[in-house]
Amino acid sequence: MKKEREFQKSYKLSHQILSLTGINFTRQTVIGFTELTLIPSKDSFRYIWLNCKQCCVYRVTLNDSLEVQFQYFDPFLEVCPQESKQRNLEYFNKSQTTGAFSVDPEIGRGELVIIVPSEAQHMIQEGKPLRVGVEFSLEKPQSGLHFVVPSTEGTLGEKAAHLFTYGHENSARLWFPCIDTWSEVCTWRLEFTVDDFMTAVSCGDLVEVVYTQDMRRKTFHYCLTTPTCAPNIALAVGPFEIYVDPFMNEITHFCLPQLLPLMKATSKYLHEGFEFYEELLSTRYPYSCYKQVYVDEAYSDLHSYATMSILDVNLLCSNRIIDQVYQTRKTMALCVAQQFFGCFLSRQAWSDAWLTTGIAHYLMSLYVKKHFGFNEYKGWIHSELQEIIEYEERFGGIVLDPSSSPNEPQNGPNVPASTNSSNKDTFYFSVKNPHACSPHYISVYYKKAHLVIRMLEFRIGQELMMQVFNKHLSLALIAVANKGHPAGWSHMLISTETFTKAIFTVTGKDITVFCDQWVRQGGHAKFNMKFLFNRKRNIVEMTIEQGYIGELGIRRYVGPLVVWIQELDGTFKHTLQIEHQVSKKEIVCHSKSRRNKKKKIPLCTGEEVDMDLSHLDADSPVLWLRLDPDMTMMRAVEVEQPDNQWQYQLRHERDVTAQTEAINALHRLAKQGAVTTEMRNTLNAVLENEQCFYKIRCRAARCLTQVANAMVANWNGPPAMMQIFRKMFGSFSCPNIIRQHDFTSLQNYYILKTLPVAMAGLRNTHKSCPPEVLGFLMDLFKYSDNSKNRYSDNYYRAALVDALAAAISAAPVQHDPATITSDTLNDNTRRILTEVTRYLNLEKLLPCYKYTVTASCLHAIRVLQKNGHLPTKSDIFKAYAAYPQYIDVRVSAVEQLVDILSNDGNREDMDYLLTLAESDPVPRIRYLTLVSLAKNPPFIMGQSHKLDNEHLVERLWSIMNSGQACDSRVRCAVMDLYYALYGRRRPACIPASEPALVLNLRKPPHPPIQPPPTIQIKEEENTPPVVKKEPPPPPPPPEDSFGPDNEVKNETPEMPVEVVCVEDVKPRIKDEVEVFEEIVDQAPSVTPSIEGDMSESTTSLPGDSHDAQAAPTAFEPDLFRTGSADSHGKTHKSKKKKKDKKHKKHKKHKHEHKDKLDKLDKFIQEENLSSGSSNPPSPASPGSMGGSVSNSMASNMSF
């Protein structure tokens, strides 16, 4: 394993105090103080890096007495400051990745650089702790801290105003200065002062609550003695109602006012999760308490932190709700699992995220298997595997540990080396930093991590796997109990290296080869299996082909492969060794063909069933075959076998994945028109079989719709599934009328929801819904009665509206949208529109749970528009997409607007959606809007479209480049949309700019490579400058933009001069021209050195009282309101003396190219004469101080 060079940090964090005192809901501001206790690990260091974004830092002190200088640099305020109309993702990704690594805490960097004075060096040499205090404030934070203040009348308590912290991955820096990495764990003391009617919920144990002297405010004191990293610290403040779990007193639930009954109903099963995990891991819950807080406008469904979780209030549900219960219980089970792995045991680095998240999801899957059944568990695993395969074949293989490479690539003799590479650089984003990575990639990454942990369980066994988990937890508990030096807290972290060592210690098995194959490499295997039965030799001749090697996300597999053959005498398992791209195997059958012999056939479960073998080949004993049925590897399987064998597999196989594969195969055959009466009878039998899993029955109903439509010319009798529905749900006296609802049978409940939608998809020979089916649907609306049902029918009524939408077919006559009225609609369409409108209006008077019916009605209206029955207008969807509509309704309306864009979109609708994505009050809506646009882009890449214009490109680029400096999830989601529209290339809709003259220094064929560390420039006499166009440096500087408003920068000396044409740069030479040394690209993991390069340009930031213009230029505009107008580093006069040395270097080579330089000197003189003044101000002048801070940081952060 080739590991990247690790970085030795100069200090170790041991303790941190966080105090937030000025929490103001009206102005949405926070005033706070934090103190970090650092233990030096080196004899000397000059700088301390902290992570801090969007905070206004007032003062930094050392040991409470020594006020120190500091500097601020945030590369994401403008990702591409020197971008020159390139507008392609390759350049953006390079700049974003470089910026992310320049402030990456894993390599000891951050946005806030604190300069350690010489007075504190003796403490570092003696190894004494340093206490770094930071006074800061937040004003209307863009991300990280969300204020929810409803715009209704009443006090803050009556309006249920509250706030909570959130973030994408490690984003604690968004609301307080810290070392924002998972590997820096420490103990915590937390203090929060809030109004007297508010409650502050945070991590750790609540020590005390102290009221102020005026009794109007109170301070909550929390203490967390377990070493915890900053990303696992959270806060929620609001007028919460408190509920102590009656089964476990350590658990406390918090919800907003008037939601206590729902919270009691939702949380009644939470204690089962604790009991399950403690028994499974043979370890007690590692903390002394656990808190669950339900908040509105949540960033995601759940966020787990040390001793607490923040959940979406929409997860709450009453005892009358069915569908939401499954999702809520899974979410809470995952929260508890993440307390063990993710919060208590933290990851070493981002490259180890697959362990903590994978193990937590794996534990949650075992909970699902126990409480929801094996079929639910196996179906969930199969769906996750299919999602991973789909993503990898579209974008590329997912590498779980991108920080290392395998020892020996598993390439065969006929496979090129690039075929099986790790695909680390195939994406349009970086996979080595979560803040530069696609959120879609991260979500699939976590699912693959779960399946890889599950694969590992098959290698070593579940019992030994639990012993490995127990070993990690036991070592961490011992480290907590010792309360020693932070150096002994290494067992609180888990990494790929420590995990493999623990497995070897417990089991004696070396999993290095496994990790090389599935963790350090991306992609999956893809098999195509064909087989024939040789009657003479009584063998199955099987061909397994890996014919897709080299395609995106697919790589060659070498190793064992399990094949199950269901024969007449039972199920027989065979393990084959796959070594070549095409493997031919011969498997001897254990059964003989039967002729007119009746005998029950044993299945893999041990039960024996009767089968009708009349449709089977009389000479073959093989009923069906399966490859890797337990999904023990990352693979895609294509099995080619006759349709009758698929039907046997669907009817009699007891595994839900096998039945799902059979239904998918029959669905493909139906699309091709290869349907038979036996296929129809098989699907009917599965649909009526009560012993079959309910999800398989629902899928069979949807497949039957496709089969019936393919057989429409030969179909006899009533429409498909009509008789089954009446038999199951019709009244006894009148089967045409549905009986009163009774949802006590959950299987029948889901079948009742599915059958109307499946029947609505039926079409007659005229490609329209049969009249009897539409009449049947209208009767369901008419006779629906839920008065005596103990459960809510909101999801069923939403399914009926979805059925009406599915019954809509294209209008026979396309009318002009301006002339469409109710008279132009046919009777069936008018009936559908009337019913949809009635339900939509009824929702405003009697809203149902989560407004499910409203969301379905909006979808039905859009289907009417698409089929030409209604004019395509987006006003109704914009009204429902506006804040503060319910979030599910808003998401549904946004999806309909996106669908309008892809069909009849205009610029106004596109701008509306981008405005939502850019500035909506709810962070989750911003993200989901972009996800919808990326899934259903307004136009196809490379095709001409009216929305494909320069305005759209500039709008998207502006959001990516500088519009989302704090929310990396939204910024990277815009990258996903940009890629879906334009790919990696520069958009063709951008016109070529007019060329302009600039002066360029032509490089020699082999320029000398200079070392990349510190730039050291000595002071010398002034000499005339030599001008050269500056190439973009590896890390984009925060302030020094290369453009028309800046002077042309000078680079490498000793170059000939020529005049060239370059786009988008105006000829501009000022009286002061800078010269920099050439900086060579360097891997981001190499630590930059800024020793000796700060002294002349260092300035105190907000704490400097004698110079208002020396304010930090890289802060947000509203954080510092003082300072000069040109405080963005456009002039760098404080470096005049440094530049003069470079100028003199050019002088001794002037004779080599005298003619060209004479022309250059003449040009410079003309420019100087035309300028107002040729004398630059003194480097000590106040006007130059504003730019010196950011310029120094820009050069020092280049690595």
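Tutor: Start with charge pairs. This is a predicted model, and it holds 47 salt bridges.

Student: What makes Glu954 and Arg87 a salt bridge?

Tutor: Their side chains meet at 2.8 Å, N to O. The cut-off is 4 Å between a side-chain nitrogen of Lys or Arg and a carboxyl oxygen of Asp or Glu. So the pair qualifies.

Student: Why is this pair said to tie parts of the chain together?

Tutor: Glu954 sits in helix H26, residues 950-963. Arg87 sits in the loop between strand E7 (70-72) and helix H1 (89-102). The two parts are 867 residues apart in sequence, so the bridge ties them together.

Student: What makes Arg924 and Asp301 a salt bridge?

Tutor: The N to O value is 2.9 Å. The limit is 4 Å, so the pair counts. This pair also links distant parts of the chain: Arg924 belongs to helix H25 (residues 923-935), and Asp301 to the loop between strand E19 (290-295) and strand E20 (302-305). They are 623 residues apart.

Student: Why is Arg924 called buried?

Tutor: Its relative accessible area is 16%, and the cut-off is under 20%, so Arg924 is buried. Asp301 has 25%, so Asp301 counts as partly exposed.

Student: Which parts does the bridge between Arg654 and Glu607 tie together?

Tutor: Those side chains meet at 2.9 Å, N to O. Arg654 lies in the loop between helix H12 (643-652) and helix H13 (656-671). Glu607 lies in the loop between strand E30 (601-602) and strand E31 (608-609). The parts are 47 residues apart in sequence. Arg654 counts as partly exposed at 33%, and Glu607 likewise counts as partly exposed at 32%.

Student: Which residues are linked in a network of salt bridges?

Tutor: Lys378, Arg626, Asp630, Glu653 and Asp655.

Student: What makes E27 and E32 paired strands?

Tutor: Pairing needs at least two bridges. Five bridges join strand E27 (residues 559-567) to E32, so the two are paired. They run antiparallel. One detail: Ile565 has Leu625 in E32 as its bridge partner.

Student: Why are E28 and E32 called edge strands?

Tutor: The open sheet runs in the order E28-E27-E32, with antiparallel pairing. Strand E28 (570-578) and strand E32 (622-627) each have a single partner strand, so one side of each is left without a neighbour in the sheet. From one strand to the next, the twist averages 25°.

Student: How do you know that Thr854 is buried?

Tutor: Its relative accessible area is 4%, under the 20% cut-off, so Thr854 is buried. Thr854 is found in helix H21, residues 852-866.

Student: Which residues does Thr854 touch?

Tutor: Leaving out residues up to four places away in sequence, Thr854 touches Leu840, Glu843, Tyr880 and Val889. Contact requires heavy atoms within 4.5 Å.

Student: And the protein overall?

Tutor: The protein has 1199 residues, and buried residues make up 60% of them. Its secondary structure comes to 30 helices and 35 strands.

Note on methods. Residues numbered from 1 in each chain as written. Predicted model: local features only at pLDDT ≥ 70, side-chain atom pairs only at ≥ 80, totals over all residues. Heavy atoms only, no water. Helix = DSSP H or I, 4+ residues; strand = E, 2+ residues; numbered from the N terminus. Axes fitted to C-alpha atoms, helices over the stretch in contact; angles between N-to-C directions. Buried < 20%, exposed > 50% of the residue type's maximum accessible area, 1.4 Å probe, protein only.
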